[in-house]
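Student: I would like to work through this protein chain by asking about its pockets, its aromatic rings and its charged pairs. Could we begin with burial and then move on to the rest?

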Amino acid sequence: MFTRKVLVAALSCLTIGLTSCMNDLANPDEGQAEANDKLIEEYIRSNNLQTIVQPQTSGMYVIAYSTNTLGPFGNVTGLATNARRPAVGDEVSFVYRLYLLNNPRAVDSATVQRPVQLPFGVRAMIAGLEEGLSLMTEGQQMTLLIPYYIAYGNEPRTDSTGKTVIIPAFSPVRFDVQLLRTRNEETQIREYIESNKLAVSKTTPTGVRIISGSPATPDSIGNGKTVKLKYVGKLLRGNAQFDSGEFQFVTGSGQVVPGFNDGVVRLRPGEKATLIFPSSQGYGARGSVRPNTNIYAVPPYAPLRFDVEILEVK
């Protein structure tokens, strides 16, 4: 479908001639994929990587480092028998060094002391890096040679000041990557509860953990009641707060995410409690974006914690 800009350019053909029209409509990506392929192939030849590199159908090339060899992050040891590959919705923890293809100086990196943690399978990273991680098991090291069209695309990328270009448009890049760990939501919740020494008093059939000193009793709130409460919402990662306040809602009415309702209906007037639940009972695969921004308040597949105090029940 034509955008307005392209439609205007096309209509201009009637007055400015075929040649200038074709220039206006020229595809800036034309020929760039082939040029990237040649650059990557030349890099492989000049570094004598032909026997160890693995081409992928996406256009990326992968070097997987074998056990007892030297990888980008040190000696490669044998992988644990229970080492996992990432699945959609997992939290992946990894370290990397990013280079322009023919430049030995890294333009970005993350260390073992400060690894990256991101949701997997939700386009939270460039396509080539996500594809590379999908091929890895925990502990594995790889080098990824990634063409621009599954890397940073046809626009230049700048530093934090916005003034210095660090990745020019149409640049093939190299990632040295080590996948440290991949955790599903149940593992994240279990480890969070253990590390924070929380005592779960009840787990609902939907997976909501309730931490409270007061067990549920026959006078629990239940559905169909107007509840006024205070709350603080947090991500499990770093206990980062994403929301807080005081409000009221009718239980069982669908006004709040299912896990919040499922926990509150089991509390009593005046009770304080902590509710922890998986994303299936929260914001799911879509997450929650802050109004008027493209920034996630709650990332996709994020398990959540809510600290609540029941103020009034009608």
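Tutor: A residue counts as buried when its relative accessible area is under 20%, as exposed when it is over 50%, and as partly exposed in between. Please keep in mind that this is a predicted model.

Student: Is Gln281 buried or exposed?

Tutor: Gln281 has its place in the loop between β16 (272-277) and β17 (288-289). Its relative accessible area is 15%, and the cut-off for burial is under 20%, so Gln281 is buried.

Student: What distance separates the C-alpha atoms of Gln281 and Arg157?

Tutor: Along the chain, Gln281 and Arg157 are 124 residues apart.

Student: Turning to the pockets, which residues lie nearest the centre of the largest pocket?

Tutor: The largest pocket holds about 370 Å³ of space, and its lining, by class, has twelve nonpolar, three polar and four charged residues. Strand β7 (residues 116-119) gives the largest share of that lining, with three residues. Of the 19 residues that line the largest pocket, those nearest its centre are Gln117, Leu118, Pro119, Pro299 and Pro300.

Student: Which element gives the most to the lining of the second largest pocket?

Tutor: The second largest pocket has a volume of about 230 Å³, and 15 residues line it, with Tyr96, Leu98, Asp108, Tyr152 and Phe175 closest to its centre. By class, this lining has 13 nonpolar, no polar and two charged residues. At least two lining residues come from each of β5 (91-100), β7 and β10 (165-167), and the one that gives the most, with three residues, is β5.

Student: Among the aromatic pairs, what is the angle between the planes of Tyr96 and Phe175?

Tutor: By the distance rule for ring centres, the count comes to 13 aromatic pairs. One of them joins Tyr96 and Phe175, whose rings are 5.7 Å apart, centre to centre. This pair links distant parts of the chain, with Tyr96 in strand β5 and Phe175 in strand β11 (residues 173-183), 79 residues apart. Both Tyr96 and Phe175 are buried, and the pair is tilted, the angle between the planes being 55°.

Student: Over which ring does the charged end of Arg174 sit?

Tutor: The charged end of Arg174 is 4.1 Å from the centre of the ring in question. That ring belongs to Tyr99.

Student: Moving on to the salt bridges, is Asp90 buried or exposed?

Tutor: The structure holds 14 salt bridges, and one of them joins Arg84 and Asp90, with the closest N and O atoms 3.0 Å apart. Arg84, at a relative accessible area of 29%, is partly exposed. The relative accessibility of Asp90 is 3%, and therefore Asp90 counts as buried.

Student: What is the N to O distance in the salt bridge of Asp262 and Arg266?

Tutor: Asp262 counts as buried because its relative accessibility is 14%, while Arg266, at 22%, counts as partly exposed. Their side chains meet in a salt bridge, and the N to O distance is 2.3 Å.

Student: Are Asp307 and Arg305 buried or exposed?

Tutor: The side chains of Asp307 and Arg305 meet in a salt bridge, at 2.9 Å from N to O. As for their burial, Asp307 and Arg305 are both buried.

Student: Which residues are linked in a network of salt bridges?

Tutor: Here the salt bridges link several side chains into a network. Its members are Glu91, Arg181, Arg183, Glu191 and Arg237.

Definitions and conventions
Residues numbered from 1 in each chain as written. Predicted model: local features only at pLDDT ≥ 70, side-chain atom pairs only at ≥ 80, totals over all residues. Heavy atoms only, no water. 1 Å grid on protein atoms, 1.4 Å probe; cavity = no way out; pocket = protein on both sides within 12 Å on 5 of 7 lines; lining within 4 Å. Points joined across faces, edges and corners; volume = space filled by probe spheres on them. Helix = DSSP H or I, 4+ residues; strand = E, 2+ residues; numbered from the N terminus. Nonpolar A, V, L, I, M, F, W, Y, C, P; charged D, E, K, R; others polar. Phe/Tyr/Trp six-rings, centres within 6.5 Å; stacked < 30°, edge-to-face > 60°. Buried < 20%, exposed > 50% of the residue type's maximum accessible area, 1.4 Å probe, protein only. Lys NZ or Arg CZ within 6 Å of the ring centre and 35° of its normal. Salt bridge = Lys/Arg side-chain N within 4 Å of Asp/Glu carboxyl O.
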